[in-house]
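Hello,

Here is the structure I promised to pass on. My notes follow below it.

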Amino acid sequence: MASPPPPRAVLILLLLLLPHNAAAAGADSAAAASPAAVNPFTAKAAFIRYWNRKVPNNRPHPAFFVAKLSPLPAADSASFPSSLPDIRARLPALCSKAGLLCPGPVASADAASLAAAGAPRTGGGPFKGYSNGNFSNYGTGGESGADSFRNYSPDLNIAADSFRRYARDSSGRADRFESYESDGNVVTSNFTSYAGGATGGSGTFASYAAETNVPDSTFSNYDAAANGRARGFSSYSQEANHGESGFSGYGKNGNGVRETFSSYGNESNVLASGFANYGESGNGATDTFSGYGVEGNVPENTFRSYGAGGNAGVDTFKRYRDDANVGDDRFSSYAKGANGGAAEFSNYGNSANPGSTTFKGYGEGTNPNHHISFKEYAGENITFKGYAKSGVDFKGYHNTSSSSGAAAAVAVSAEAAASTMRHEHLKWSPEPGKFFREKELVAGNRMPMPDIRDKMPPRAFLPRDIASKIPFEPAAVSEAFGLPLDTAMGKAVAETVAECRRAPSKGESKRCATSAEDVVDFAVEMLGRDVVVRSTASTAGSGGEVRLGNVTGVDGGRVTRSVSCHQSLFPYLVYYCHSVPKVRVYEADILAVADGNGAEGGGGAGGEKIINHGVAICHLDTSDWSPTHGAFVALGGKPGEVEVCHWIFEGDMTWTVAD
């Protein structure tokens, strides 16, 4: 018996899903949206119909864009809850079905649960291959023993680890965090009252949070009231991106606590550290910052009430922020009210690109026993305000800006000046190929290709009607997705919202798109309905040498206006889209470079193989850019003097008027 014909409404939906012409149907297998491939009731099908209405130019739907659409089944999309508590209640299922970025389950690792798992209460390590743990009251009152955290929480999108009252009142206990949270995306660690009141023992953070994206660590009352305990941070947040570490009440009321920060935050990008009430009222504390922030990009550090009220504390800053790009340090009420505080700044402030440092209330107090020395200190925009007038020596200090208040007390020899100005060649620079000049976009040119891989965690768009139910507010997103605002992901959400609310820069039109429909709407609003969207086809050639094949200027190579969209870190896809005038957009075949014995294959100039198809944008007006922008570090020149080009990275896109 023959099946009955489908209802008329279904037939109409299927016809709407058909491409506008036969050529479009075969041009893009992932985007052609044939009736067999897409359920007409899904969010993906609804968006394709929307696209066809808004952009009626009969061009193929781009595969890279369609791949980002919500995979949410029709029934789940229709029944999606409208209130935040209901969304939170259904979160695990929704995260899985809708392709969202949600925090994973946290493993309980208190003393009782670890003992039940076979780990002794006083010496439970090593913890290898362990992820997302919550250690509460672990090792309390234990004697001797050692814990080792190795390959802990590696390669996770969201890592959240908590150590609360760990090894409190212990004796002679050692712990080591090695390869902890490495290669993660959004990683959070909270160390609260860790080793409080402990006697002896040691701790080591080695290769901690290396090569992570948005690391966030909080050390609160860490080693507080500890006695004779040593701690070392080595290779901490190496090559990390845009993270933050907070040290609050670290070593407070401690006795003979020794801390060493070596290779901390080196080669990182925009890493911030805050030291508040660090070593407060401590006795005989010894802190060493060696090789801190070396070759970093815009490291920012705040020392507030550091060592305040302490007795006979010794701090050493050596090779601090060497060869960094810009950077900013603030020392407020440093060693204020302390007795016999000693600090030595040796080879401090030798940034490759000048940063700034502010000392306020440095060494102030009624006790004159301080010994604070600035030796071979080089800096610019240095401000000394209200610092102790005795016990502070400026030896070999060189202020590279104009002479000011403190400079009058500084005598610099010609030899010392020469040594502090040795950084003529900037050691810090953006990745080769990240920025380039327009003249390099010619067929046959060999050039480095930066790492264009999408470093963001995988996520999908939410359908517009669902995204509109979640207020674009940090508190609402935190409630809906179970993301505490004091975690790395919670802070990323708040930063995304703040950036979206920022006033546009000169000549810029901007919008944060919380759905695929919002992206299309903004592009059409800026450029009209006859638009196309482009992105580099793949990541082939990324991080290596490539040669350019055929290079074509979009819109005949004329100066135009485009809309570029960049991913923001959010539980679902949110794009920061902005339109800037005076750009040229190019498409180029990217070829594998042949070795010395001949070509790798056919397809390009000289027989080299075509491995990718790249999209590049050249900004012709850079007059409103910051003088410290990485493009000028890499290419030379100043704002408004040179144009700057870059590739469109994986996951990002640029819209133009159709050729």
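In which loop is the place of Arg165? Arg165 sits in the loop between strand 5 (158-164) and strand 6 (174-180). Strands here are DSSP E runs of at least two residues, helices are H or I runs of at least four, and both are numbered from the N terminus.

Before the rest, some ground rules. This is a predicted model, where local features need pLDDT of at least 70, side-chain atom pairs count only at pLDDT 80 or more, and totals for chains, interfaces and linings use all residues. Residues are numbered from 1 along each chain as its sequence is written, and side-chain values use heavy atoms, with hydrogens and water left out.

Backbone next. Most residues other than glycine have a negative phi. Arg165 is not a glycine, yet its phi is positive, about 55°.

Ala225 lies in the loop between strand 9 (215-220) and strand 10 (230-236). Ala225 is partly exposed, at 43%.

Now the helices. Helix 3 (residues 43-54) packs with helix 13 (residues 516-527) at about 10°, axes 10 Å apart. Axes are lines fitted to C-alpha atoms over the stretch in contact, and angles run from 0 to 180 degrees between N-to-C directions. So helix 3 is roughly parallel to helix 13 (under 35 degrees). Helix 3 brings Phe47, Tyr50, Trp51 and Lys54 to the contact (heavy atoms within 4.5 Å). Helix 13 brings Ala516, Glu517, Val520, Asp521 and Val524.

Best wishes

How values were computed
Buried < 20%, exposed > 50% of the residue type's maximum accessible area, 1.4 Å probe, protein only. Parallel < 35°, antiparallel > 145°, perpendicular 65-115°, else oblique.
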